[in-house]
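The following note was prepared for a colleague who wishes to review the structure before using it.

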Amino acid sequence: MLASSENGPEGVAGPGDSHAALFCGLNVDLGLFFHQWLPHIDRRTAHWQLHSKSSIQHLDSTRSKSVFLRRQEDPKVTYSHYKFILKLTNGQPQSVENMNYISHMQPWQTCLSFPHIAALCQGRVVRVPAGTLFRVVGTELVVPCNVSDYDGPREQNFDWSFSSPGSSFVELASTWEVGFPAQQYRERLQRGDILLKRTANDAVELHIKNIQPSDQGHYKCSTPSTDATVQGNYEDTVQVKVLADALEVGPNSRSPPSLSLREGEPFELRCTASTMSPLHTHLALLWELHRGPVHRSILTLTHEGRFHPGPGYEQRYHSGDVLLDTVGSDAYRLSVSRALSADQGSYRCVVSEWIEEQGSWQEIQEKAVEVATVVIQPTALQLVVPRTVSVAEGKDLDLSCNITTDRVDDVRPEVTWYFKRTPDTTLLASHMLARLDRDSLMHSSPHVALSHVDTRSYHLLVRDVSKENSGYYLCLVALWAPGHNRSWYKVAEALSPLSGVSVTWLEPDYQVYLNASKVPGFSDDPTELECRVVDMKSVEANVRLTVSWYYRMNRRSDDMVSSELLAVMDGDWTLRYGERSKQRAQDGEFIFSKEHTDMFNFRIQRTTEEDRGNYYCVVSAWTRQRNNSWVKSKDVFSKPVNIFWASEDSVLVVKARQPKPFFAAGNTFEMTCKVSSKNIKSPRYSVLITAEKPVGDLSSPNETKCIISLDQDSVVKLENWTDASRVDGVVLEKVQEDEFRYRMYQTQISDAGLYRCVVTAWSLVGGSMWREAATSLSNPIEIDFQTSGPVFNASVHSDTPSVIRGDLIKLFCIVTVEGAVLDPDDMAFDVSWFAVHSFGLDKAPVLLSSLDRKGVVTAAQREWKSTLSLERVSVLEFLLQVHGSEDQDFGNYYCSVTPWVRSPTGSWQKETEIHSRPIFITVKMDVLNAFKYPLLIGVGLSTVIGLLSCLIGYCSSHWCCKKEVQETRRERRRLMSMEMD
């Protein structure tokens, strides 16, 4: 431990010295002092000398990163003086100031008196198990090592070294340096006999397999430093001693190698175990039972002398059925009072040797020996029951179960009768009828009884049988033998063969016929089926008839298609739908009904193509039972009825024509559409007029615009017709059921394009709903104006492309006309200004303001303070001004112009919209105006604060800090003249 002294006695270094005094009790960490206080000295060439009153010791800092020197002081001496001298091997000797180490305080007082020392009293701690580790030759050695209270990365590295008795340490293994191990250990490392297992970031285990006497010695665990300062210990050593194998385990001569027993008979097994170890060791013994790959622990005697039964043996151990005791000095006996079938297998005796290390017990060796193989002969048990029994309805059923066994001792049978519908020999889906336990207590129902004529014959009696009693009966017998402490255990169990019972009765006789009263001719037509019961015979009052409807898809004759359940009616008149018909039945499309006692109906309100197929019905007869429940007694199937119609694809053809193929701008455009259809029942048509117009970019596809539509109920609707001046300029009317006419009045040049009729055929479904049957597109009719009119171009110009914030931005949109010369009164323009507030054109343009051809200005809302104005300067020039420009007004500006030209007929024609190239506007900040007000405010505040400080100082010195000085008053006397003197 190190510490620095701030105040010391005379002759001791104090705070004014060039090096502070270091001390902490009687322990001096020279390496830490070397690293922390003299970092500029090369530790590879520096040597320390420690001078004291009685001895001089030399320390080489290259040997260890942290050097500890402990000196035993005389208790009578209150302090000691040490002098440290640093020598350089490749330079001039350099002497450090006398640094006296004082030990007149106790170590704990030193650390508490100086806070800087208390921080250094803790450091890295490397730990291995304390004391000596004892291991037996041939076993595996595991030595853990961990480090704590360290700095640096969380994962630490470890180096292991080994020293045999009388030799120095040799490198053994390392977690981070491949070439660290010595040559004699590398082969064992490659084989895996020596390996390191990291258990945590700060912990590792050294594993040495098949340890030998040559592995006896000291093992040192060290950690390379990752600390900012050197403190604590960096290594720890543990001694390992290898003991000779002194444990002997073997089977006892009195235990036979194999036993053959019957269930319930006792047996015992013995094994011997002893040790000649020179150390104080304990033995632990475990009996195991092996049955194939399964190992079970029977009973354990621990090294502390405690018994622990294995899983499943707790009750047998506590009842005394399974015991473990000693015989003589080295024999251990396993006793089983009554053998069970689970006791069959190979028995193994496992002995382990334990030694006490550091207050806890450690296993150092384990041996096992096969003792004997036990075979348990099962108890023979056979059951005999009648295979088939036929009984009339209403009579009693008597079934016998005869038992045959080879046990003659005191065993008691437990008999249980089961009933099931299916002929499998398992008890799954079975129902217990009656049970007679080993105490002769009977458990049954009022209609069922169980009796036994003698000890080996048991009878089941079922009174007043009915059809529901037909099925299969089984007899289950279990033999119980008395166990320890009046307990009972099962020695054998057997299940009888199936005994088939049929109850004869007079079933009803009837026939079922199915016919289609309504057959669909088209899709969406209704379908109605009638299922009729005829020739009913022997149908009594306690018989009820229900129906089930099935559907089978039409397939080729060689394909197997399963039937799908549509609906089924139970004996209590409950109707359940199948997955195919559940939703449609809830929507009212499927209707199941019963009009008479002998007729059932099924109606499909709207038959679809998916409904085509075969339909059949199944009529079931239900019989009332004694408990008023209903049991199905008979099913009669009808012949299937095929629902099918020849369906072809719907065909819809639309032809468009133009009565007047040639016309000029301003005239009326007329187009008629003739519709013809096939395989569509009673169609109604809806018509949509579309116009396909070219886009300015030739590489882009043409734009299709919906103009006007007329639905199947003859309701006209304007779609995307946005020309407000020509709201009544388009008309769509129905001339005939299959013919429609479209007119567009006062056509303009902007109306050029391809016009089509989109016709949809609709069919009436259910009397009130329309279903789309087909859709078709007509041939195009083109409107093309052959004109040689003027060509318009637009450009943007600005005298102020770069302005200071707050200045006026002026942008001119100039329209030029090429080709034919027009009178200014025959031209008008719609002008719109757009801006993209970015350095590129990657954002969507924002509409700023627009001026239509009538002179109406529309300005968009803005989120900042600058304002816009748009005006027409001349016939072909339009000026956009941004007043009080802000930083947000920078970006690309362009204008969009839509020319309007007056035709000779006096109508205005809308030309193609044109766009100008963008111009970039930059808005700069006025630095002088930006800093003018802050500077003025700062100068003003500084002046006010200065004057206020002067005023406060003056007032304080004049009134608060004024002192009254009392001066002695002197008498005023005139000097006497020399003559008078």
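This is a predicted model: local features need pLDDT of at least 70, side-chain atom pairs count only at pLDDT 80 or more; totals for chains, interfaces and linings use all residues.

1. Setting aside residues within four places in sequence, Thr546 is in contact with Met569, Asp570, Gly571, Trp573, Phe600, Val618, Val619, Ser620 and Trp622. The residue belongs to strand E41, which spans residues 543–553. Its relative accessibility is 1%, and Thr546 is therefore classed as buried.

2. The side chain of Thr546 comes within reach of the backbone oxygen of Met569, at 3.1 Å. The side chain of Thr546 also makes a polar contact with the side chain of Trp622, at 2.7 Å.

3. With a relative accessibility of 12%, Leu514 counts as buried, because the class covers values under 20%. Not counting residues up to four places away in sequence, Leu514 touches Leu529, Glu530, Cys531, Trp549, Tyr615, Tyr616, Cys617, Ser638, Lys639 and Val641. For Leu514 and Lys639, the C-alpha atoms are separated by 6.7 Å, although the two residues are 125 residues apart along the chain.

4. Which cysteines among the contacts of Leu514 are joined to each other? Leu514 touches both Cys531 and Cys617, and a disulfide joins Cys531 to Cys617 with an S to S distance of 2.0 Å. The torsion about this S-S bond is about 75 degrees, so the disulfide of Cys531 and Cys617 is right-handed. The pair links distant parts of the chain: Cys531 lies in strand E40 (residues 527–537) and Cys617 in strand E46 (residues 613–624), 86 residues apart. Cys531 and Cys617 are both buried.

5. A search of the whole structure finds 6 disulfides, and two others are described here. One of them joins Cys401 to Cys475, with an S to S distance of 2.3 Å. Is this disulfide, between Cys401 and Cys475, left-handed or right-handed? Its S-S torsion is about -85 degrees, so the disulfide of Cys401 and Cys475 is left-handed. The pair links distant parts of the chain, with Cys401 in strand E30 (residues 397–405) and Cys475 in strand E36 (residues 471–482), 74 residues apart. Both Cys401 and Cys475 are buried.

6. Cys813 and Cys895 also form a disulfide, and their sulfur atoms are 2.1 Å apart. The torsion about the S-S bond is about 65 degrees, so the disulfide of Cys813 and Cys895 is right-handed. This pair, too, links distant parts of the chain: Cys813 is in strand E61 (residues 809–818) and Cys895 is in strand E67 (residues 891–902), 82 residues apart. Cys813 is buried, as is Cys895.

7. Cys955, at 26%, is partly exposed.

8. An open sheet is formed by 4 strands in the order E49-E50-E55-E54, with antiparallel pairing. Strand E49 (651–657) and strand E54 (730–736) stand at the edges with a single partner strand each, so one side of each has no neighbour in the sheet. From one strand to the next, the twist averages 20 degrees. Strand E49 and strand E50 (residues 669–678) run antiparallel and are joined by 7 bridges. Within this pairing, Lys655 has Lys674 of E50 as its bridge partner.

9. Strand E14 (residues 194–200) and strand E15 (residues 203–208) pair in the antiparallel sense over 6 bridges. A hairpin connects E14 to E15 through 2 residues. Ala200 stands opposite Ala203, which is in E15.

10. How much of the chain reaches a pLDDT of 70 or more? The proportion is 82% of the residues, and the mean pLDDT of the protein chain is 79. Over residues 1–121, however, pLDDT stays under 50. For this stretch, residues 1–121, the model has 210 contacts beyond four places in sequence.

Technical notes:
Residues are numbered from 1 along each chain as its sequence is written. Side-chain values use heavy atoms; hydrogens and water are left out. A disulfide is a pair of cysteine sulfur atoms within 2.5 Å. Buried means under 20% relative accessible area, exposed over 50%, partly exposed in between (1.4 Å probe, protein chains only). Two strands pair if DSSP finds at least two bridges between them. Axes are lines fitted to C-alpha atoms, for helices over the stretch in contact, and angles run from 0 to 180 degrees between N-to-C directions. pLDDT is the predictor's confidence in each residue, from 0 to 100. Contact means heavy atoms within 4.5 Å. A polar contact is a pair of N or O atoms within 3.5 Å; within protein, one must be able to donate a hydrogen and the other to accept it, and residues adjacent in sequence count only if both atoms are side-chain atoms.
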